[in-house]
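This report describes one protein chain for a reader who is new to structures. Please look at the model below before reading on.

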Amino acid sequence: MSDRRMRSAGITLGLTALVAASLTGCSNDDEDQPDYAAICVDPQTEQRTDDSNCKDEREYHGSGAGFFWFYMATRGGAFVPPIGGRYNAGSGTYTIPRTGTAGSGSPTIKRGGLNPGGGDIGTITRGGFGKSGKGSSGG
């Protein structure tokens, strides 16, 4: 491959990354923040796993094995554990929330895409990849 082609491919890749980053948004306004954000977990071990393990929106009801989405309110100051870290089961729910954190209307939910290294859940924004629409209707 020639240097010219490699340089062109590098520029294209760089521009693609820049456009993707701009699509995720950077606003931290309450209006742009979803009501709930979800991490993929293994309830048996109480550990966070990679988002790719949660292939659908199945709800965990206290039995069975597998990986499930664990929903946490984004305005509660919850801590998101790193992948492989333990999460606090009291800081969220395994079932899809049916109301917004303000208590009215259907919630907005962001499944996945949270920092794999963990951190404050309040730093996420709505938009980008992994965002779903209202309630359990999906993306």
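Five salt bridges are counted in this chain, a salt bridge being a side-chain nitrogen of Lys or Arg within 4 Å of a carboxyl oxygen of Asp or Glu. Side chains of opposite charge can pair when their charged atoms come close. The model is predicted: local features need pLDDT of at least 70 and side-chain atom pairs count only at pLDDT 80 or more, while totals for chains, interfaces and linings use all residues. Residues are numbered from 1 along each chain as its sequence is written, and side-chain values use heavy atoms, with hydrogens and water left out.

| Salt bridge | Distance between N and O |
|---|---|
| Asp-35 and Arg-75 | 3.4 Å |
| Arg-58 and Asp-56 | 3.2 Å |
| Arg-111 and Glu-57 | 3.5 Å |

Asp-35 forms its salt bridge with Arg-75. Asp-35 lies in the loop between helix H1 (3-23) and E1, and Arg-75 in the loop between E3 and strand E4 (79-80), so the pair ties together parts that are 40 residues apart in sequence. Helices (H or I, at least four residues) and strands (E, at least two) are DSSP runs, numbered from the N terminus. Asp-35 has 13% relative accessibility and therefore counts as buried, whereas Arg-75, at 38%, counts as partly exposed. Here buried means under 20% relative accessible area, exposed over 50%, and partly exposed in between (1.4 Å probe, protein chains only).

Arg-111 pairs with Glu-57 in another salt bridge. This pair links distant parts of the chain, with Arg-111 in strand E5 (residues 108-111) and Glu-57 in the loop between E2 and E3, 54 residues apart. Arg-111 is buried at 9% relative accessibility, and Glu-57 is partly exposed at 28%. In the salt bridge of Arg-58 and Asp-56, Arg-58 is partly exposed with a relative accessible area of 42%, and Asp-56 is partly exposed at 38%.

The whole structure has one disulfide, defined as a pair of cysteine sulfur atoms within 2.5 Å. Cys-40 and Cys-54 form this disulfide, with their sulfur atoms 2.1 Å apart. Cys-40 lies in strand E1 (residues 36-42) and Cys-54 in the loop between strand E2 (47-48) and strand E3 (68-73), so the pair ties together parts that are 14 residues apart in sequence. The torsion about the S-S bond is about 90°, so the disulfide is right-handed. Both cysteines, Cys-40 and Cys-54, are buried.

E1 and E3 run antiparallel and are joined by six bridges; two strands pair if DSSP finds at least two bridges between them. Tyr-36 stands opposite Ala-73 in E3. Five of the six residues of E3 are buried, so the strand is mostly covered.

How far can the model be trusted? The mean pLDDT (the predictor's confidence in each residue, from 0 to 100) is 75, and 64% of the residues reach 70 or more. Where pLDDT is low, the predicted coordinates should not be read in detail.
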